[in-house]
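Please look over the sequence and the structure below before reading on. The briefing takes up a few topics in turn and can be read with the structure in view.

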Number of protein chains: 2
Amino acid sequence: VKLHDLPTPAVVIDADRLQHNLTTMATAHPGASLRPHVKAHKCTELAAMQHAQGHHSFTCATPREVIGMAEAGWGDDLLLANEVLDPLRLSAMARAQQSARITIAVDSADTIDAAARAGLREVVVDVNVGLPRCGCRPDEAGHIADLARGRGLLVRGVMGYEGHLMMVDDREEHRTKVDDAIDRLLEAHEQVGGDVVSAGGTGTYHLHQLRRRVTEIQAGSYALMDTHYARLGHPFQQACFVIGTVVSATPKYAVADVGLKAMGMDHGNPSVETLDGNGADVWFLSDEHVTFVPHTGVAHVGDRIRVVPAHIDPTMAMHEVAWLVMGDQVIDRWPIDLRGW
Amino acid sequence: VKLHDLPTPAVVIDADRLQHNLTTMATAHPGASLRPHVKAHKCTELAAMQHAQGHHSFTCATPREVIGMAEAGWGDDLLLANEVLDPLRLSAMARAQQSARITIAVDSADTIDAAARAGLREVVVDVNVGLPRCGCRPDEAGHIADLARGRGLLVRGVMGYEGHLMMVDDREEHRTKVDDAIDRLLEAHEQVGGDVVSAGGTGTYHLHQLRRRVTEIQAGSYALMDTHYARLGHPFQQACFVIGTVVSATPKYAVADVGLKAMGMDHGNPSVETLDGNGADVWFLSDEHVTFVPHTGVAHVGDRIRVVPAHIDPTMAMHEVAWLVMGDQVIDRWPIDLRGW
């Protein structure tokens, strides 16, 4: 099958670029010092390639990601970096402990209680390091750890996600702010104990490489990338596109079949380029269409385009399948099998 | 099952409000004068309720919506209001003609050729009435119709979507602009012929009710609604919510498990309210979370919230199932079975 034969909209992954990204990150953070986040791709076949790079521990954002990874055989060490209260999903993860090692984040008495009742065995204390989302205060972390141990849970350490610091432009400011955030995490870790100090993402992986103050980073987007992370100028290549077909064209603009139901829109519009690499002005996306003007002039009905996501994570979650390609040859079909909750 | 027992994030449809919306629209546009657009809900069970209101013709945006509606038995008269070139999907729709009447929009020689080759039988000419998307110029419509007839296709009439005019605030300006757009469609119809003049949406249904210049309108969002269409002050009620659970809370803000993978974000942030109807300030959404501050003060871990979509169509497309509720009683489970392409 050729790229041109795929039904569109089609998520396409460039095998060479993916391999480049995986190798680049594995060089910076080899083995267990990277805990790849599967929420960015939701695809066990892609996780298998990360496993082959030597990363045997994974980060997940939902119970379904955890259970899907366990069922696929990649359950050596799964961290659910999220708080869950739902007893049915917690119990399903507890059952998956028969074949997988599962650790869940907790940040309150309620989340500890829910995990313990369901029969989960291991937790990390989620610490707020500045992003207003989940996580306890650093000075509460010791108390949370004590509560967890009091319920018979093994406390493996701490995690904290400096998500508010992925996009700081000034290098010195970026380093200082991330250092401050990790200071908070290490302050918590002193009270909590355990082997795990988990943090970081694609936007800060290089700072953690410089100063190994955390034991592992949770990067996910580096594998496929998007236009948002591309602005940082890191050595990762855009490896994922949504291929569209021009279904209507005028001398002034063209319309292709990649709409906002095929594209995560929270980071704004995607970019559009022709298959030979020329850019385009994107006018707007509606449910099933993108209206655009190629820089090189008129597009024709039947032409194919590449749409580059502004945010890879929600884009992958909208599709059932990704096609692995080399050049214009389709070499594999990967189900996006970790969707949903 | 009670509302409080549903695993979250959960799409919930209020049965009474849905019924109110369906009845209100069926009074304004009874029977065949409404061709409900299934792209807004992607749910054959909801289409069944629209069918029970007396609407036996439906609008679709994707081949999968067409085929799913045919398989569910609602294939009396399905219009794919979109251009398609993919031969496999066109052939699949042609096969579905054994049990369903299927009409597809065309706006070019290429789309006519693709439809004819696949064995489709009926088309409408898609006319651009001002929105820069699909559709031929009004003065080309006669030629397009001739091309279609030359390929043995039955031309049922014209369609044109005044999507750029859904949100005009000034009433007089709104009426005038919609009249001008429909002038363009009727100019095309004079050249094309046929029984069908299809246009309109939830934002313009009342103008088409006043002046019956089109034979049918294609509204979809009216059934479930969103905060965007709610601004128009039409007599439709918000019938769809995504229920979330507070998984982490501080004295300053709370975090619930409804993130941007559960919520169409192209129209901006959703609204958040407590189950007793009080509002909240929404700070931001990330992949799996919304961070918010309830107007009535602190939220607690385990509290449930309602998240009201800013755009219903992509929100429905992100979920596998919707739960029908009356009060806090869950009365049915509806698969969102028309997702994908």
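What follows is a briefing on selected strands, helices and single residues. The model is a predicted one, and the points below should be read with that in mind.

**Strand β1 of chain A**

- Strand β1 of chain A covers residues 10–14, and because five of its five residues are buried, the strand is largely enclosed by the rest of the structure.
- In a regular strand the side chains alternate between the two faces of the sheet.
- In β1(A), the residues A10(A), V12(A) and D14(A) point one way while V11(A) and I13(A) point the other way, and all are buried.
- Four bridges connect β1(A) with strand β9 of chain A, residues 240–249, and these two strands run antiparallel; within this pairing, V11(A) stands opposite V242(A).
- Four bridges also connect β1(A) with strand β15 of chain A, residues 321–326, but here the strands run parallel, and I13(A) stands opposite L324(A) of β15(A).

**An open sheet in chain B**

- Chain B contains an open sheet of seven strands, whose order is β2-β3-β4-β5-β6-β7-β8 and whose pairing is parallel.
- At the edges of this sheet stand β2(B), residues 57–60, and β8(B), residues 216–217; each has a single partner strand, so one side of each is left without a neighbour in the sheet.
- Inside the order given above, strand β5 of chain B (residues 122–126) is joined by four bridges to strand β6 of chain B (residues 154–160), and the two run parallel.
- Which residue of β6(B) is the bridge partner of V125(B)? The partner is V158(B).
- Helix α6 of chain B, residues 141–150, packs on the sheet and touches β4(B) (102–106), β5(B) and β6(B), while the direction of the helix makes about 165° with that of β5(B).

**Two pairs of packed helices**

- Two packed helices are described by the angle between their axes and the distance between the axes.
- In chain A, helix α3 (residues 63–71) and helix α4 (residues 87–96) pack at an angle of about 20°, and their axes are 10 Å apart.
- Since angles under 35 degrees count as roughly parallel, α3(A) is therefore roughly parallel to α4(A), and the crossing of these two helices is left-handed.
- The residues P63(A), V66(A), I67(A) and A70(A) of α3(A) meet R89(A), A92(A), M93(A) and A96(A) of α4(A); sorted by class, the residues of this contact are seven nonpolar, no polar and one charged.
- In chain B, helix α6 also meets helix α7 (residues 171–192), where the two axes come within 8 Å and cross at roughly 40°.
- The helices α6(B) and α7(B) are therefore oblique to each other, and their crossing is right-handed.
- On the side of α6(B), the contact is made by A141(B), G142(B), A145(B) and R149(B), and on the side of α7(B) by A188(B), Q191(B) and V192(B); by class, these residues are four nonpolar, two polar and one charged.

**A buried histidine in chain B**

- H51(B) lies in helix α2 of chain B, which covers residues 44–52.
- Is H51(B) buried or exposed? Its relative accessibility is 17%, and because buried means under 20%, H51(B) counts as buried.
- If its neighbours within four places in sequence are left aside, H51(B) is in contact with H56(B), F58(B), W74(B) and D76(B).

**Backbone details to look for**

- In chain A, a cis peptide bond with an omega of about 0° joins T8(A) and P9(A), and P9(A) is found in the segment before β1(A).
- In chain B, a cis peptide bond joins T8(B) and P9(B), again with an omega of about 0°, and P9(B) lies in the segment before β1(B), residues 10–14.
- M225(A), a residue other than glycine, has a positive phi, near 70°; M225(A) is placed in the loop between β8(A) (216–217) and α9(A) (227–230), and with a relative accessible area of 2% this residue is buried.
- K42(B) is not a glycine either, yet its phi is positive at about 55°; K42(B) is found in the loop between α1(B) (15–28) and α2(B), and at 1% relative accessibility K42(B) counts as buried.

Conventions:
Residues numbered from 1 in each chain as written. Chains lettered and ligands numbered in written order. Predicted model: local features only at pLDDT ≥ 70, side-chain atom pairs only at ≥ 80, totals over all residues. Heavy atoms only, no water. Buried < 20%, exposed > 50% of the residue type's maximum accessible area, 1.4 Å probe, protein only. Pairing = 2+ DSSP bridges. Contact = heavy atoms within 4.5 Å. Axes fitted to C-alpha atoms, helices over the stretch in contact; angles between N-to-C directions. Parallel < 35°, antiparallel > 145°, perpendicular 65-115°, else oblique. Left-handed = near helix turned anticlockwise from the far one by under 90°. Nonpolar A, V, L, I, M, F, W, Y, C, P; charged D, E, K, R; others polar.
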